[in-house]
Amino acid sequence: MIGVRNGARSCARLAAVGAHVPERVVTNAEMAAAVDTSDEWIATRTGIRERRFAGPEEASSDLGVIAAQRILAAADLAPDELDMIITPTASPDHIFPSTAAIIGERIGARGAAAFDLSAACTGFIYGLAMATGMVETGLARHVLVLGAETLTRVTDQTDRATCVLFGDGAAGALISAAAEDEATGFLGFELGADGSGGPDLILPAGGSRIPALSKPSRAESCINMNGREVFKFATRVMIDSCTRLLEALEMDIAEVDLLVPHQANIRIIDYAVERLGIDPERVFNNVDRYGNTSSASIPLALSEAHDNGLLSPGDLVMMVGFGGGLTWGSTMARFEPA
Ligand code: UT7
C-alpha cells in the first residue's frame, strides 16, 4: 500500500464482519473422558459447553483465509483493494512470516501491508484502533482486522485447568473509509496494559527468552495461567474500561444497542454486566459453544450476532476485551455496512 495525507478527512466505518470455525466440535463430555473434569464443573465455572478443535493439518492461517473471504464477500470488496491486513493472534502459524502475510497471499491481497499483533485476547480491539488510525489519517482505505487462532495447539491437553477453556476459530471485521458526513464510525477507544501481570498468563517458550532450539519442557511450551488472578483482573478492567470510555464519550450505557464482550468465562461477563447496569438482553454471548478463542472471540460473537439479526445498520456496538500482557481495551462503534 501507499498512503499520503492529502488533507481530506475521512471516517473509519465498521463495514463488514465475518467468521469461520473448524468443523470438529469437542463437548465437555469428551473433555471429561480425557482429563479429570466434568460437564458440571466446566459449565458452572465457565459457561462453556463445547468448543471447536482445528484438524491436525489446520493452522491459524487456514481458518483465517476462509473468514477473510467471507468478510470480503459481505463487503463486496475485491481482495486487491485491501491496503492492510492486521492479524491479532496468540497462536500464529510461525513467529515469522506473519500469519497476516500468509493470509494476504492466499486470498490474493497482493501488495497489502500485513502484520501480526501481539495483545492476546485484547488483540482485536487494539487492531481496530490501529485500523481506525490508518483510515482516519487517510493512509489507508480498507483495512482487514482478522483474529486467527488455534489455541488448542499451545494448550496442554492434559492440564484440566486450561484445556477446558480454549477453542479454535478465526473472525474479524473490515474497516473502510467513508466521507466524514456519511458515517460516524468508531467513536472512541480505551486501551491499556499492565506488564506486571505478564506472568499470570504466559506462553513461555518459542521466543528469545526460551528459544525453541533450547528444547523447552512441555510446561514451557504451553499456556500457563494463574486463573484466579486473571479472573480478578478481567472483572475489574471490563468494568473500568467501559466506564472510562462512556465517561469520555459523555454517554450512558443505556444508549448501547449491543455489548459484545470477550468470551472467556460467563461468570466474568455476568459480573461485569450487572455492575455496568446494562440490560442482559443487549449483551451477546456465545462462549457456551466456542470457549475462549482469544483474539477471534469478540469478532466471532459480533459476526454471530449479525447472522442472528441482532446487529442492524446504525446500531451502536460496544466491545470490550482483556487478556495476556496483561492488556485490556474497549471501543464504541456504529455498525455501518457499505
Ligand atoms: O482470555 C483471558 C484468559 N483467561 C481467563 O479469562 C481465565 C480467568 N479465570 C477463570 O475463568 C477461572 O479462574 C477458571 C475457570 C480458570 C477457574 O475457575 P475458579 O472458580 O477460579 O476455580 P479455581 O482455579 O479457584 O479452582 C477451584 C478448584 C480447584 O481445586 P481445589 O484446589 O479447590 O481442590 C481446582 O484444582 O477447581 C479445580 N479445577 C477443576 N476441577 C474440575 C480446576 N480446573 C478444573 C477442571 N475440572 N477443569
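P97 is found in the loop between β4 and α4, where helices (H or I, at least four residues) and strands (E, at least two) are DSSP runs numbered from the N terminus. The peptide bond from F96 to P97 is cis, with omega near 5 degrees. The model is predicted: local features need pLDDT of at least 70, side-chain atom pairs count only at pLDDT 80 or more, and totals for chains, interfaces and linings use all residues. Residues are numbered from 1 along each chain as its sequence is written, and side-chain values use heavy atoms, with hydrogens and water left out.

**Backbone geometry**

- Most residues other than glycine have a negative phi, and most peptide bonds are trans.
- A cis peptide bond also links G325 to L326, with omega near -10 degrees; L326 lies in the loop between β12 and β13 (327–334).
- K215, although not a glycine, has a positive phi of about 55 degrees, and this residue is found in the loop between β9 and β10 (224–225).

- An open sheet of 5 strands has the order β1-β7-β6-β4-β5 with mixed pairing; two strands pair if DSSP finds at least two bridges between them.
- Its edge strands, each pairing on one side only, are β1 (10–20) and β5.
- On average, neighbouring strands of this sheet are turned by 20 degrees against each other, direction ignored; angles run from 0 to 180 degrees between N-to-C directions, and axes are lines fitted to C-alpha atoms, for helices over the stretch in contact.
- Strands β6 (residues 142–150) and β7 (residues 168–179) run antiparallel and are joined by 9 bridges; T150 stands opposite D168 in β7.
- Helix α4 (residues 99–107) packs on the sheet and touches β4 (84–88), β5 and β6, contact meaning heavy atoms within 4.5 Å. The direction of α4 makes about 135 degrees with that of β4.

**Helix pair α7 and α8**

- The axes of α7 (residues 227–249) and α8 (residues 266–276) come within 9 Å and cross at roughly 35 degrees.
- This crossing is right-handed, the term for a near helix turned clockwise from the far one by less than a right angle, with anticlockwise giving left-handed.
- Residues of α7 including F231, M238 and I239 meet residues of α8 including I268, Y271 and L276.
- The contact residues divide into 10 nonpolar, 2 polar and 2 charged. Ala, Val, Leu, Ile, Met, Phe, Trp, Tyr, Cys and Pro count as nonpolar, Asp, Glu, Lys and Arg as charged, and the others, Gly among them, as polar.

**Pockets**

- The largest pocket holds about 1,100 Å³ of space. On a 1 Å grid over the protein atoms alone, a pocket is an open set of points where a 1.4 Å probe fits, with protein on both sides within 12 Å along at least five of seven lines; lining residues have an atom within 4 Å of a point. Grid points are joined across faces, edges and corners, and a volume is the space filled by probe spheres set on the points.
- The largest pocket is lined by 38 residues, and A90, S91, P92, L203 and A205 are the closest to its centre.
- This lining has 19 nonpolar, 15 polar and 4 charged residues; β5 (113–117) and β9 (201–202) each supply at least two of its residues.
- The second largest pocket holds about 600 Å³ and is lined by 24 residues, of which M225, G227, R228, F231 and N265 lie nearest its centre.
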